[in-house]
Amino acid sequence: MAGLRLDGLTHRTLAPVDLVLDAGERVFVSGPSGSGKSLLLRAIADLDPHQGEVWLDTEPRSRMAPPVWRRRVGLLPAESFWWAETVGEHFPAIQTSGTLSAEKMGAFHSDHPTHRDQINGWLTGLGFEPDVLDWSVTRLSTGERQRLALVRLLAQRPEALLLDEATANLDPVNRDRVETLVETYRREQDAAVLWVSHDPEQRRRLGGRAFVICNGRLEPET
Ligand SMILES: Nc1ncnc2c1ncn2[C@@H]1O[C@H](COP(=O)(O)OP(=O)(O)OP(=O)(O)O)[C@@H](O)[C@H]1O
């Protein structure tokens with residue numbers, strides 16, 4: 001799919017960042033609490049005031065409508081927001097019964113007839129039964145919300161991923177499931193992944209480039 005390039009991106013507490021993520025590359029970002037990691041992801045997603053430019057391959061964000069940008073460069077926030085009553089209502093291409101809505105398929109993924117199967121596969125991979133789509137959002141535990149928010153994000157087929165502490169609330173089994181899903185998606189879709197993680201073991205386990213925000217600057221982790 002696409003690489004991601006930050007060109008002098010800066011927010012209220014961060015010196016300008018120049019960073020290139022190749023298509024299919026995963027880069028970790030860490031740093032002390034309050035150092036500006038979430039604000040960096042939110043600036044990339046164009047959710048907070050900032051300066052600088054971000055490119056998805058050759059397309060600058062400034063030339064894209066914000067909703068289009070946010071679908072193509074998907075942010076998984078540390079705390080997910082749920083607006084409808086049931087889990088399934090948050091998946092536009094799937095009705096709560098688990099069957100595809102032809103109308104919504106046409107609007108979202110007409111070129112991808114196995115999309116429902118893929119979402120169900122992701123749910124299973126994260127330890128859920130298909131009936132999770134009928135669950136009320138109010139019953140979800142913190143970890144369930146976190147895992148389901150990831151599936152909801154991937155269901156939009158983002159070309160690049162911004163992950164804010166994607167495994168922070170998870171036990172080791174579910175942490176491994178999330179890592180496997182993200183890594184599989186990254187490889188299969190050739191998606192750039194910028195992953196904020198406090199977990200040094202995770203950064204070592206998965207490898208790749210890692211940066212730390214220190215005194216308001218993004219620097220390579222040593
Ligand atoms: N809207 C805002 N107005 C003023 N300050 C803000 C605003 N949003 C965030 N901040 C401050 O900016 C700093 C960076 O916040 P950010 O959420 O990016 O931290 P973080 O590195 O993700 O921390 P944590 O690891 O605790 O999640 C914090 O001191 C925070 O209080």
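What percentage of the 222 residues in the protein do the buried residues make up? I found 34%. I noted at the start that this is a predicted model.

**Entry: overall build.** I looked up the secondary structure next. The protein has 7 helices and 10 strands. Its radius of gyration is 17 Å, close to the 17 Å from the globule rule for 222 residues, so the protein is as compact as a globular protein of that length. I also took the span of the C-alpha trace along the principal axes, about 50 × 40 × 30 Å. Then I checked the contacts with a separation of 6 or more. Of these, 71% join residues 24 or more positions apart.

**Entry: the core.** I turned to the largest nonpolar core and found 50 residues in it. I44, V151, L162, L163 and L194 have the most contacts inside this core. Helix α5, residues 142-154, gives the largest share of the core, 6 residues. Which residues does L194 contact, leaving aside its neighbours within four places in sequence? I listed L4, L21, V27, V29, L41 and L162.

**Entry: helix α1.** This helix covers residues 37-44. I found it mostly covered, with 7 of its 8 residues buried. They are K37, S38, L39, L40, L41, A43 and I44. I44 is also among the core residues with the most contacts, and L41 is one of the contacts of L194. After α1 comes D46, with a positive phi near 65 degrees.

**Entry: the ligand.** I asked which residues are around the ligand. I wrote down T13, G31, S33, G34, S35, G36, K37, S38 and L39.

**Entry: helix α4.** I moved on to residues 115-125. The buried residues of α4 are R116, I119, W122 and L123. Why do I say that they line one face of the helix? Seen down the axis of α4, they fall within an arc of 125 degrees, so they line one face. In general, an α-helix has 3.6 residues a turn, so residues three or four places apart point the same way. I then looked for what covers these buried residues, and found α5 and α6 (172-189) included. Just after α4, G127 has a positive phi of about 90 degrees.

Definitions and conventions:
Residues numbered from 1 in each chain as written. Predicted model: local features only at pLDDT ≥ 70, side-chain atom pairs only at ≥ 80, totals over all residues. Near = placed C-beta within 6 Å. Core = buried A, V, L, I, M, F, W, Y, C linked by C-beta atoms within 7 Å. Buried ≥ 20, exposed ≤ 12 C-beta atoms within 10 Å, placed from the backbone. Helix = DSSP H or I, 4+ residues; strand = E, 2+ residues; numbered from the N terminus. Contact = placed C-beta atoms within 7 Å. Rg over C-alpha atoms; globule rule 2.2 N^0.38 Å. Arc of directions from axis to C-beta.
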